[in-house]
Amino acid sequence: MKISNILVNHMHEPLGFELKDLRIEFAVADAQADSSQTQKRLEITTDGQNVYDSGWVKYDNNTFEPKLELTPRTRYDATVSVKSDLEEAIAQTSFETGKMDEPFSGQWIGNEDKSLQNTLLKKEFTLKKAVTKARLYATGLGLYEAYLNGEKIGKEYLAPGCTDYHKWIQVQTYDVTNALKNPGSFTLLFSLGDGWYKGNMGFDGGRENIYGDQQRMICELHLTYADGSQEVIASDASWQTAAGQITKSAIYYGEDFDATKKIGDWQAASLLDYPLETLCDRLSLPLTVSEYLPVKEVIVTPANETVLDFGQNQAGWMEFYNREPEGTVIKFEAGEILQKDCFYRDNLRQARSAFVYVSDGHEGWVRPHFTYFGYRYLRVTGLTSNVNKDDFRAAVIFSKMDQTGEIKTTNSKVNRLFQNVQWGQKSNFFDVPTDCPQRDERLGWTGDADVFSNTAALNMNVFEFFKKYSRDMAVEQEMHDGMLTMYAPDMGDHSGGAAVWGDAATIVPWNMYQAYGDTAILRQNYEAMKSWLEWVGQQTKSKNLWTGCFQFGDWLALDGENPAMPTGKTEEDFVASVYYYYSSWIMSQTAALLNHEDDAEKYGKQAEAIKQAIQAEYITPNGRVAIDTQTAYALTLYFKLVPADKLDRVVNDLVKRLGKDNDHLKTGFVGTPFICQVLSKYGRHKLAMKLFMNEDYPSWLYAVNLGATTVWERWNSVLPDGSMNPQGMNSLNHYSIGAIMEWGYRYLLGIGDHTPGYQKLVFSPQFDYRLKQVSGSYESSYGKFSVNYQIESDAEHTIKISLDVPFGQTVDVHLPRSSKNGVLVNGQHLATGNFTISAGHYELAYQPDEDYIERYSLESTIGEIMQDEEVVDKLAKISDVITFFKDPGNQESFGKMTLPQVTNVLPFINIDAETMKRLSAVLRATPILSERTENENCLAKN
């Protein structure tokens, strides 16, 4: 037995974070006893004094929520113990508070010249005694980096992160003990840039000085000496200031760095009259370099440009090893794609997105400081020598989150798609969940965060990330009478209030509770969640429906009647009313969970009234949905807006709608996350797989086939010929339609319904011949739940499954098509495919009642049929209609249609009912070509 992965408020050994609602979780591995025979214990000490002891208590879950009065600037050591009659394990962790509510002795300081692009502030001091503990509590606006004797403090960048600085400014805590432990002379230096605070941000060219017009800093350096004495070195009038070597810097602009510029003219820092009440311990996870990508290729374009290709679209910045003579000006420009083999960046709109460096002649690594880029390609100009690939690297930067999930299959394109989804998340979880990392936007769009939040929580540990962002949303709501702005922070743009986007106020906290089982985010945002619903109730023009307001609709859907309107064909008021219902339902559940009984009753009744109003307006008593769109059916099914006995009607109507759309997507932001989920849930997994596996436009794999390494904003941001979509608004690194990966976890990998926090879950994969082998995992706080299965090509088409279940987790296994033959579980035969397992490794095998070999049918397209000579020969013996499609021109014209569809549109093709029946029988009896080929290969190997 061993204890691992102890998390304090979902983090590893947090330092200086806001630690309200203390929560400690842990994983147990290699235990001989099960959890029902186990006890757990938590002890917390500080300075050797015990301040909390749970005593030995029953292991009912892996979590402690100790009620402990924390004190400022204090380190706490936590010991977790687990024991059974057979064994015992002990492990330790620590956490440390920040300033909390303790008043600051430091003062805001800066340079009197507000136009400086790079303010430097320094304090020189001498230590005459050995130091045993040193902590720096600091923040700066817009962005800052701190240095001790020229060495950067910490591995975090772009601190203090992005917030509404009028309302809250996060303070970072740094352990600088090792740098200061010995006596000597020291210089503490702060370098400041404009960042989100002062630099140009927002739409239509953006605006400057949104939150302020002067760079500033505040800090306290707390020293504890070996003799027990203490000292505080704080920011005050004794500090000095000068202009740094960054001559211009902004998020969209990039950065200009002149290393030849001499730093001099140090003068006394100015004391600044800014409030201290906005200072608070941090919530933001640090922005760190997660990895470095090497240059994959150096390209000389037809335009004679030198372009570096890193092979992966991502966010962060470039770093290069400077070997250039003094005075050389090197320019790096960021881009996502090549056009006609030449560098391209028009889709960045007004973002300059460049780094310009003037060399001082000294060798060494160089990087930007107060900006970042979204890019795959860099155009380099100004080098005086040939490019050495090893002198350049891409620093990948995103909020520090542990990866928790992955999915792999035998299909390389599917694997690339899932990698693209995760890269899109990395690129855009940049302190706030941005829409994109490259152009003049990079804003914390609420709608994108809403639709992707479940996928995000499966891919990575995002609880604290979204807890911080939920604070951002609540701050905006407080300033806008409950309305949630389109993005948070809103960067001075006060518009918002649309459904789905605004419903992030309720959905994001609720989804995080479901994923992690922690009510802290619900408690933090409870009043904000309520205020959103109150605002909607005041704005709507109808009773119990949300009508008459601006809406985004099914944004970027493909079924809109007006091509100039990207809101889609699904009625906007229907979408809004559905989300009004769902947010009200969430509010009733949250209120009940937090023991607000009056609110639970109020919003429960409100949700039911809205649901009845939706049914009265949009759904007939027989279950016919008035809006014939993919998204309308998907929402109706996902949110269970019809009685259970009418679900089949809606599913069938969705299938018919998809048939009219040639079984291709027409959905936008709203429908895309749900359409495959509802198909798989309600017995149409084969059709969901068809949508998922489509490779032509519009589909997820369309972008993969065109070389995408992240998810695009539009289904066709790049056209089939490789050119950019002329409609504009083409980000090649968005993540919203990457929400399909939640379906991958739920229905391909089989991680189904679960209790909040995943102590209990349902394993119920949906198998399909197109993905014969699937593996993956999800790591909750209990540990890693792993899955690996394959559909064998033997005569019985046996399905073999390997499962690993972590200690403390219970899994209900529901295997499809398993009622006749039962299942072998670790060699023991069970009569049914429904059973429950707990911690351990399991090998399962069974022969499905009906195999998963795919056969042709009347739903097969002409193009699919004509590729298979065997089935063509069989059909030709029944009807000469097949000879019509041997003509390549006819195949091109009608290849995407089925035989019944062709008979409806071509009057000269007449297939009587009996002949059609015989054709159908041949098709249904013949495995598709890829299935036969694979089986032949398998037999040949054997």
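Is Ser786 buried or exposed? In this predicted model, Ser786 is buried, because its relative accessible area of 18% falls under the 20% limit that defines burial. The residue belongs to strand S40, which spans residues 783-791. When neighbours within four places in sequence are set aside, the contacts of Ser786 are with Gly776, Ser777, Ser802, Leu803 and Asp804.

Attention was next given to the open spaces of the model. The second largest pocket holds about 1,100 Å³ of space. Its lining consists of 32 residues, of which Tyr638, Lys640, Gln677, Lys681 and Asp753 are the closest to the pocket centre. Two or more lining residues are contributed by each of the helices H4 (446-459), H6 (504-516), H8 (572-593), H10 (630-638), H12 (672-681) and H15 (740-748), and likewise by strand S37 (751-754). Sorted by class, the lining of this second largest pocket comprises 16 nonpolar, eleven polar and five charged residues.

Six cavities of 30 Å³ or more were counted. The largest cavity contains about 140 Å³ of space, and 13 residues line it, with Asp450, Asn454, Ile507, Asn511 and Phe674 the closest to its centre. Helices H4, H6, H8 and H12 each give two or more residues to the lining of the largest cavity. The largest share is that of H4, which supplies four residues. These four helices of the cavity lining are also listed among the elements that line the second largest pocket. In terms of class, eight nonpolar, three polar and two charged residues make up the lining of the largest cavity.

Helix H14 provides the largest share, with three residues.

Methods
Residues are numbered from 1 along each chain as its sequence is written. This is a predicted model: local features need pLDDT of at least 70, side-chain atom pairs count only at pLDDT 80 or more; totals for chains, interfaces and linings use all residues. Side-chain values use heavy atoms; hydrogens and water are left out. Buried means under 20% relative accessible area, exposed over 50%, partly exposed in between (1.4 Å probe, protein chains only). Contact means heavy atoms within 4.5 Å. On a 1 Å grid over the protein atoms alone, a cavity is a set of points where a 1.4 Å probe fits but cannot get out, and a pocket is an open set with protein on both sides within 12 Å along at least five of seven lines; lining residues have an atom within 4 Å of a point. Grid points are joined across faces, edges and corners, and a volume is the space filled by probe spheres set on the points. Ala, Val, Leu, Ile, Met, Phe, Trp, Tyr, Cys and Pro count as nonpolar, Asp, Glu, Lys and Arg as charged, and the others, Gly among them, as polar.
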